Amino acid sequence: MLKYEFDPRILDIRESENENDAEFLIRIPDGSPGLAEMRKVQHHFEDDNDYTDVLFYLYPNHEFKVILQREHYADFLAELMKRKLLRSLEWTD
């Protein structure tokens, strides 16, 4: 299992499960540098060859709904960490 922490001044993450998928509601506060980095995360997954691995839905006020297949959960969190959108990411038992 993966455990992560984020800085609420950069973004807010709410995670839920939907059958075989994981869903994230991510909100970026106004003025946060996280918006540009979150768009890089989006482009990373939209530019790969698997078009259904991670789906992004954009809402007003810098909100992203992200739906991803369970097998891409670690990849998604690692990409958030790479873009410095997470404070920490670790494996737990």
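Predicted model: local features only at pLDDT ≥ 70, side-chain atom pairs only at ≥ 80, totals over all residues.

1. In what order do the four strands of the open sheet lie, and is the pairing parallel or antiparallel? The order is S2-S3-S5-S4, and the pairing is antiparallel. Strands here are DSSP runs (E) of at least two residues, helices are DSSP runs (H or I) of at least four, and both are numbered from the N terminus. Two strands are taken to pair if DSSP finds at least two bridges between them.

2. Residues are numbered from 1 along each chain as its sequence is written, and side-chain values use heavy atoms, with hydrogens and water left out.

3. The edges of the sheet are formed by strand S2 (12–18) and strand S4 (54–59). Each has a single partner strand, so one side of each is left without a neighbour in the sheet. From one strand to the next, the twist averages 15 degrees. Angles run from 0 to 180 degrees between N-to-C directions, and the axes are lines fitted to C-alpha atoms, for helices over the stretch in contact.

4. Strand S3 (residues 21–27) and strand S5 (residues 63–69) run antiparallel and are joined by seven bridges. Within this pair, Phe-24 stands opposite Val-66 in S5.

5. Two helices pack on the sheet. Helix H1 (residues 34–46) touches S3, S4 and S5, and its direction makes about 140 degrees with that of S4. H2 touches S2, S3, S4 and S5, and its direction makes about 20 degrees with that of S3. Contact means heavy atoms within 4.5 Å.

6. Glu-79 deserves attention. Is this residue buried or exposed? Glu-79 counts as buried because its relative accessibility is 6%; buried means under 20% relative accessible area, exposed over 50%, and partly exposed in between (1.4 Å probe, protein chains only). Glu-79 belongs to helix H2 (residues 73–82). Apart from neighbours within four places in sequence, Glu-79 is in contact with Val-41, His-44 and Phe-45.

7. Glu-79 also forms a salt bridge with Arg-83, at 3.2 Å from N to O. A salt bridge is a side-chain nitrogen of Lys or Arg within 4 Å of a carboxyl oxygen of Asp or Glu. Arg-83 is partly exposed, at 22% relative accessibility. The C-alpha atom of Arg-83 is separated by 9.6 Å from that of Ala-36, although the two residues are 47 apart along the chain. Ala-36 has its place in helix H1 and is partly exposed, with a relative accessible area of 45%.

8. How many salt bridges are there by this rule? The count comes to seven. One of them joins Arg-9 to Asp-7, with the closest N and O atoms 2.8 Å apart. Arg-9 is exposed at 63% relative accessibility, whereas Asp-7 is buried, with a relative accessible area of 10%. Asp-7, Arg-9 and Arg-87 are linked in a network of salt bridges.

9. Lys-40 is partly exposed, at 38% relative accessibility.

10. Leu-25, Leu-55, Tyr-57 and Tyr-59 make a nonpolar surface patch of about 340 Å². Patches are made of residues with over 30% relative accessible area and no salt bridge; nonpolar side chains (Val, Leu, Ile, Met, Phe, Trp, Tyr) are joined within 5 Å, and like charges within 9 Å. Accessible areas come from the Shrake-Rupley method with a 1.4 Å probe, and for residues only the protein chains shown count as cover. S4 gives the most to this patch, with three residues. Tyr-59, found in strand S4, is partly exposed at 41% relative accessibility.

11. Glu-19 is not a glycine, yet has a positive phi of about 55 degrees. Glu-19 lies in the loop between S2 and S3 and is exposed, at 72% relative accessibility. Lys-84 likewise has a positive phi, near 60 degrees. Lys-84 lies in the loop between H2 and strand S6 (88–91) and is exposed, at 68% relative accessibility.
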